2 protein chains.
Amino acid sequence: MSLTNASPADAAQAAKSASHVLQTLSAAARNDALTAIHDGLAAAKDEILAANARDLELARQAAADGKLSQSLVSRLDLGKKGKWEDMLKGILDVRDLPDPVGRVTLRTRLDDGLDLERVTCPIGVLLIIFEARPEVIANIASLAVKSGNAAILKGGKESTESFVAISTVISRALETSQVPNGAIQLVTTRDVIPQLLALDRHIDLVIPRGSNELVRFIKDNTKIPVLGHADGLCSIFLEPSADSQQAADVIVDAKTSYPAACNALETLLVHEAALSTILPPVASALAAKGVELRCDPRSKAALQQALPELKVVDAQDSDYDTEFLALTLAAKTVESLEEAVLHINTHGSHHTDAIVTADKEHAEQFMSAVDSAGVYWNASTRFADGMRYGFGTEVGISTNKIHSRGPVGLEGLMIYKYKIRGNGHVTAVYGEGEGRKRFKHEPL
Amino acid sequence: MSLTNASPADAAQAAKSASHVLQTLSAAARNDALTAIHDGLAAAKDEILAANARDLELARQAAADGKLSQSLVSRLDLGKKGKWEDMLKGILDVRDLPDPVGRVTLRTRLDDGLDLERVTCPIGVLLIIFEARPEVIANIASLAVKSGNAAILKGGKESTESFVAISTVISRALETSQVPNGAIQLVTTRDVIPQLLALDRHIDLVIPRGSNELVRFIKDNTKIPVLGHADGLCSIFLEPSADSQQAADVIVDAKTSYPAACNALETLLVHEAALSTILPPVASALAAKGVELRCDPRSKAALQQALPELKVVDAQDSDYDTEFLALTLAAKTVESLEEAVLHINTHGSHHTDAIVTADKEHAEQFMSAVDSAGVYWNASTRFADGMRYGFGTEVGISTNKIHSRGPVGLEGLMIYKYKIRGNGHVTAVYGEGEGRKRFKHEPL
């Protein structure tokens, strides 16, 4: 790992060359590098947390001056309960996952002595751009090494001290391993991002981790595939058959357990037959957690009748296209499952959407028809997360329609190649006509 | 299926809406539509071939006037031996493939009563732009219907008559099926392409089938993911341990069986120890097929000594970056396997590359280190083909580093979604701390 002052083109070229070595390393060699990273970080806890404290100090001042958001300060804090331990555990979790490289996913005998094999392999070079979450460096370096990909890392400037401290430790650790120098490139100045985004010959995938604005900027400024999501506008559709308590639990969790998360609930669609039965207890539970409801006229009327003391706000059309990332929830009445699905497919962000219902058939219909990465039945949208899915850690959550969708773990960093082992085989002898050989196409 | 005069935005919007219905159809409903397409085309053979003959007549005139290439005329000819039968057989082959929709590829018990499932589903809306291969319409329509994707089709103007004839038949056939109107949109004017390429909200994947120039134009003019390849610069590395006859067979097949194909051989890398032993018989076999060799000084010297009567041309540097698509082959001497790999990873197009050797270890090293969609041992690069791989038919050959690589069949048109079925489960109760629940993460 090198803190590079090389030009972006040279850095990307070096990463590409390193990726060609990295992809030939054994699982043991890659795992040994991860152990070294883990042990190095564990031993350097004090110096890293001290560096993080310096970042935090500056950030708190900036927040006090109104120049930085409190949520950014919170994300920056590596000393926050469980964060350091989670980071270290994540490295070992990744190390101990099955090797994603070299898995044979298809094997076909094309003809005698001519076998086709599809084998997983690394994508090549990743460009990871993230904001002020210092632990992401360790996550991403682990995932890159485990998956045999080279990576160029660019972190947010508010975490510079933490970032340099962690990367210095990772750098020392990797020097003791077979992972080639140049496989992990660090970039510390922001002005090189546009140059990096132009290097589509050497960089194979961009992974932005951060604000919607960051992701949108990157998507708009590169031809390299981008894995991630700009928006997380999640909806829940509440059916009249739902259990009131389950509905309240799921909706309160989805809205309030971490309102700034991309998998938090933003729109509640209420079947008209649930307006006077299940919506009121749900609304009470939300209000008890400080959630402001923005209602369409029908849901407002139903709530005013059932709960005269509850304050609700009139929804604007734009509220149904808004990712609030706060204790605000747009509510809308729909007349059918079909209308709910249409609303979600039109206004949602194809991230994660749920139905709360006792009707299995409706649930399956909803999950089949909603065009989102995650479609849930009687569960909180906040389950959309790589750790919760059991992926060990996650690279991000993708709303792309190709390659990887939803929480992305190691598999999202892999592609495959086809290998054919023959014996001097040629194509010209095969065909449909008389005297031509036929392929056997036997699955092996 | 509709021959539309709607605006590109309306057409794409309609395709998107139709895709939401199409993705919920059963396999039986989609297969029935394919049977109807097959039967309709079989019954309309005469009228379609008559339309194709009119296209051919115009194309032959244009070729005689030097306005069109002979290879385009050849690709246009639906009456060419076996082409019509292949087209019809391709539809049934696709129909009879296992249903790609709804395959469960991961199932994990997150906790009691909380199951995660990853299920394959269609990508959504495909935009397929192709040149003058009329049979591609039937191929692509079949693949789209089978995979549950909507498609917007744009064919080359030289095949307009064939195209309209085939699409009219497909349109009639689909009207008898459950596949919704709008699922297959036809576009007959070229000027709408730039507008379609801008509709990244409604179109999920662009598949260009045609010349390098077409693919490059599309890649340079859209933010929608593009599946395909601009270049096919395939190489073979010849080792001294290779069997001479095998080497000659493989290299002659790779270069001459269809020189205009993307999987044809363009660069021959010769290990220095093979220059005077195996290169001469290989060069003789190539010369016998009319191949012009462009040699570096060392391979030229070796050939002049072994075969004084053989004519070879001096290679220019640019020859090693050229996709000749003709009976021309660049030859270059390398000193090691590593040098061959480096040359291929630097000058190749990551399409398909082969090694000819008797050394299994070298072969495995080559296949591991070469960063291409296809890496072969003792087999012709021309095997890189969806039919030959046993995929039934192919959407194209991808040199992308994400999603799909190499010949792409049905699987390349699929993505997945995550389904969670719960029982009112919430996330807030899980975690690492005391009193928090742990996930079970049991594979099911």
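Trainee: Taking contact to mean heavy atoms within 4.5 Å, how many residues of chain A are in contact with chain B?

Mentor: In this predicted model, 78 residues of chain A are in contact with 78 residues of chain B. Residues are numbered from 1 along each chain as its sequence is written, and chains are lettered from A and ligands numbered from 1 in the order in which they are written. Local features need pLDDT of at least 70, side-chain atom pairs count only at pLDDT 80 or more, and totals for chains, interfaces and linings use all residues, while side-chain values use heavy atoms, with hydrogens and water left out.

Trainee: What confidence does the predictor give?

Mentor: The complex has an ipTM of 0.92 and a pTM of 0.92, and chain A averages a pLDDT (the predictor's confidence in each residue, from 0 to 100) of 93, with 98% of the residues scoring at least 70.

Trainee: How much area do chains A and B bury?

Mentor: About 6400 Å² is buried between chain A and chain B, 53% of it on carbon and sulfur atoms; buried area is the accessible area (1.4 Å probe) lost on putting two parts together, summed over both. Ile402(A), Tyr418(A) and Thr427(A) supply 11% of what chain A buries against chain B, more than any other three residues.

Trainee: And how many salt bridges are there across that interface?

Mentor: The rule, a side-chain nitrogen of Lys or Arg within 4 Å of a carboxyl oxygen of Asp or Glu, finds six salt bridges between chain A and chain B. One of them joins Arg118(B) to Glu411(A), with the closest N and O atoms 3.4 Å apart.

Trainee: Which strand of chain A gives the most to that side?

Mentor: Strand β17 (residues 414–425) of chain A does, with eleven residues, where strands (E, at least two residues) are DSSP runs numbered from the N terminus.

Trainee: Switching topic, how is chain A divided into domains?

Mentor: Domain 1 covers 2–227 + 395–417 and domain 2 covers 234–389, with bounds that come from an automatic or database domain assignment. Their C-alpha centres lie 34 Å apart, and ten residues of domain 1 of chain A are in contact with 13 residues of domain 2 of chain A.

Trainee: What does Arg405(A) form a salt bridge with?

Mentor: Arg405(A) pairs with Asp371(A), the closest N and O atoms being 3.0 Å apart, and the count between domain 1 and domain 2 of chain A is two salt bridges.

Note on methods
Contact = heavy atoms within 4.5 Å. Helix = DSSP H or I, 4+ residues; strand = E, 2+ residues; numbered from the N terminus.
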